[in-house]
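Hi,

Here is the structure I promised to pass on to you.

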Amino acid sequence: MSRFWSPIVHRLTPYVPGEQPARHDLVKLNTNENPYGPSPRALAAISEATTDALRLYPDPTALRLRTAIAEHHGIGPDQVFAGNGSDEVLAHTFQALLKHDAPLLFPDVTYSFYPTYCRLYGVEFREVPLDDALRIRVADYRRPCGAIILPNPNAPTGIALPRDEIEALVADHPDQVVAIDEAYVDFGGQSAVPLVDRYPNLLVIRTFSKSHGLAGLRVGFAIGQRPLIEALERVRDSFNSYPLDRLAIAGAVAAWDDRAWFETQRDRIVASRERLAASLRDLGFDVLPSAANFLFARHPARSGAELAAALRDRAILVRHFPKPRIRDHLRISIGTDTECDRLLAALRDLVA
């Protein structure tokens with residue numbers, strides 16, 4: 001029945017998300033979800049918002065949420081854009097700010113949704129190779145381009161650039177938008193948000209899915225100077241004027257305000273990450289330095305695909321990417337210490 005498709009559909013290679021299995025007895029370390037869940041205050045706020053008011057449309061601008069985010073960062077609400085998960089915010093960014101006559105630049109090993117968006121929206125792009133240590137080199141981006149997008153920390157490697165290198169990148173391209181995707185920054189990276197007031201070409205994109213444990217609620221946001229935010233608003237209001245529902249706004253505001261819960265659970269994840277990294281190295285794995293809530297690791301004597309399949313046979317899910325440069329690496333989300341111990345026990349058996 002594909003004869004009914006629009007021509008663009010034939011050219012698309014859709015993004016493949018991490019597996020979301022129906023079984024509940026698996027150790028699920030494949031999609032970088034927070035193992036500890038959201039703040040109890042967020043759950044209470046969602047419950048309280050579940051009233052007859054759901055018959056009414058939500059605030060199309062999510063002003064309460066944007067105000068909470070803005071006050072924390074010492075900026076104005078008009079510098080914050082809220083959307084249905086950071087993936088939607090990214091989609092609007094590709095449409096509104098990253099499509100130009102010259103190509104968009106991003107790393108060759110990075111978030112695999114980027115080339116998907118490029119194909120969907122007709123954005124010409126060039127992939128910039130990571131170095132031999134799988135690190136982003138800012139100097140490699142000193143070339144003509146239409147715009148730049150980078151995750152920081154990068155995914156799936158987990159390696160972060162310090163803020164001064166992000167600033168150098170933004171300063172090198174005063175006439176191009178530089179979008180920094182900070183989905184994982186809370187776990188050890190340096191946010192570029194403090195640079196926004198000095199650089200009109202900088203957009204920073206964040207999510208509630210990881211460090212706030214709200215992947216199932218779908219809330220993301222961007223911070224930038226007003227012209228960039230207005231561009232996103234114009235695209236949103238030509239697509240869906242109500243991207244965040246009443247429950248999402250209520251839950252996200254409460255999660256954002258509960259800094260104690262956020263910091264406690266984040267610190268637990270970081271501690272588990274360092275413990276797991278040390279244990280993997282003891283088993284002979286090469287583990288990249290991570291500032292995210294996952295590790296990127298390979299065993300020099302074992303195929304990544306074989307290890308991923310063998311772990312799945314033991315009811316443990318990790319993420320494997322068949323891309324040539326990283327085909328032997330596994331991306332391992334940080335779970336609870338009990339989940340990490342089960343992973344380590346399986347790996348000890350598999351690499352013995």
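**What I found**

The protein exposes about 15500 Å², and carbon and sulfur atoms supply 51% of that area (Shrake-Rupley method, 1.4 Å probe; for residues, only the protein chains shown count as cover). Please keep in mind that this is a predicted model: local features need pLDDT of at least 70, side-chain atom pairs count only at pLDDT 80 or more, and totals for chains, interfaces and linings use all residues. Residues are numbered from 1 along each chain as its sequence is written, and side-chain values use heavy atoms, with hydrogens and water left out.

**Overall build**

There are 11 helices and 13 strands in the protein; these are DSSP runs numbered from the N terminus, helices being H or I with at least four residues and strands E with at least two. The radius of gyration is 20 Å, close to the 20 Å that the globule rule gives for 352 residues, so the protein is as compact as a globular protein of that length (taken over C-alpha atoms; the rule is 2.2 Å times the number of residues to the power 0.38). Of the 352 residues, 55% are buried (buried is under 20% relative accessible area, exposed over 50%, partly exposed in between; 1.4 Å probe, protein chains only).

**Cores**

The largest nonpolar core has 56 residues, and L65, L202 and F208 touch the most other members. Such a core is a set of buried Ala, Val, Leu, Ile, Met, Phe, Trp, Tyr and Cys residues joined through side-chain atoms within 4.5 Å. Helix 8 (residues 246-257) gives the most to this core, with eight residues. Another core, of 29 residues, lies apart from it and includes L29, L307, L311 and C340. Leaving aside neighbours within four places in sequence, L202 has contacts (heavy atoms within 4.5 Å) with residues including V170, I180, L195 and L228.

**Backbone points to check**

Most residues other than glycine have a negative phi, and most peptide bonds are trans. The bond joining N152 and P153 is cis, with omega about 0°, and the one from A155 to P156 is also cis, with omega near 15°. P153 sits in the loop between strand 5 (147-151) and helix 6 (163-172), and P156 lies in the loop between strand 5 and helix 6 too.

A62 is not a glycine, yet its phi is near 50°; A62 is buried, at 4% relative accessibility. R218 also has a positive phi, of about 65°, but R218 is partly exposed, with a relative accessible area of 28%.

Best wishes
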